[in-house]
Number of protein chains: 2
Amino acid sequence: MDARISLITLGVDDLGRATRFYERLGWQRAAESQPEVAFFQLAHQVLALYPRANLAADLGIAVAGAGSVTLAQNFHDREAVDRAYAEAVSAGAKALRTPYETGWGGYVAYIADPEGHVWEFAHNPAFPLGDNATLTLPSMTRSAE
Amino acid sequence: MDARISLITLGVDDLGRATRFYERLGWQRAAESQPEVAFFQLAHQVLALYPRANLAADLGIAVAGAGSVTLAQNFHDREAVDRAYAEAVSAGAKALRTPYETGWGGYVAYIADPEGHVWEFAHNPAFPLGDNATLTLPSMTRSAE
């Protein structure tokens, strides 16, 4: 099986509230969205917001809670982490952890979206971003050379 | 803020067990992995497996449970969904839902990894994959033309 992800679905209790939050980040709800699902085009895949009740019915399991999965957006420098954190909080995110220096040399902040889904904003000097902002592990870059 | 995800972290109770599951899918634990974190290079970002206790300490919130976020891998046809589902179950995944025809014309199966994280394997004729297996919403493809 290829190591890839095509679409990430976040279970939500209030689809309108969740949609407005991501729209306030400047992301555009795609034309494919429907009354019970909102789609957003990401750089290399798709993000979907979908009611937790529908998700639970589809899966056949309970889907309460959030936080056991985090979605990270990495940046070229610390200032961009500060800006992203401020922008998210301004858009209505819950501040979980203000930008701080990690033990591994990074600079990280955490916020939760209105549904509790955790986003990490990170500058990691050991994992530099490519020009197109794609994260490729250094060992993979070396093996491709 | 750009609409993109650089890295997806899955909280795990048993890092060794979780790592072995993804290795059985044929994914390679990257050289950057450390005793308390396993990295896997995905097509356009990075997947990390990280103990839930560490994640909770980093975030300052409880991170029990899973299922409220699903990660989907889309395929060009139904047969590939069947194969992925069989491969995952063979690798030790819990079968949540055998491949079935959805109400929206798709063909979908759900499994949970050993930590409860849900993967969807899907063929969606309305959201065709590009040649490089990247999922781009049709409305975005049209607007780029």
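In chain B of this predicted model, the buried residues of helix α1(B) are covered by elements that include the strands β1 (7-12), β2 (38-41) and β3 (46-51) of chain B. Helix α1 of chain B spans residues 15-24, and its buried residues are Ala18(B), Phe21(B) and Tyr22(B). Seen down the axis of α1(B), these buried residues fall within an arc of 90°, so they line one face of the helix. An α-helix has 3.6 residues a turn, so residues three or four places apart point the same way. After α1(B) comes Gly26(B), which has a positive phi, near 95°.

**Contact between the chains**

Chain A and chain B each bring residues to their contact: 57 residues come from chain A and 57 residues from chain B. On the side of chain A that touches chain B, the elements that give two or more residues are the strands β1 (7-12), β2 (38-41), β4 (69-74) and β5 (94-101), together with the helices α2 (52-59), α3 (78-90) and α4 (138-144), of chain A. Of these, β4(A) gives the most, with 6 residues.

Strand pairing also links the two chains. β1(A) and strand β4 (residues 69-74) of chain B run antiparallel and are joined by 4 bridges. Within β4(B), Thr70(B) stands opposite Thr9(A).

**Two domains of chain A**

The domain assignment divides chain A into domain 1 (1-63) and domain 2 (65-145). Their C-alpha centres lie 20 Å apart. In the contact between them, 10 residues of domain 1 of chain A meet 10 residues of domain 2 of chain A. On the domain 1 side, the elements that give two or more residues are β1 and α1 (15-24) of chain A. The element that gives the most to this side is α1(A), with 4 residues.

**Residue classes at the two contacts**

Note on methods: Residues numbered from 1 in each chain as written. Chains lettered and ligands numbered in written order. Predicted model: local features only at pLDDT ≥ 70, side-chain atom pairs only at ≥ 80, totals over all residues. Buried ≥ 20, exposed ≤ 12 C-beta atoms within 10 Å, placed from the backbone. Arc of directions from axis to C-beta. Contact = placed C-beta atoms within 7 Å. Pairing = 2+ DSSP bridges. Domains from an automatic or database assignment.
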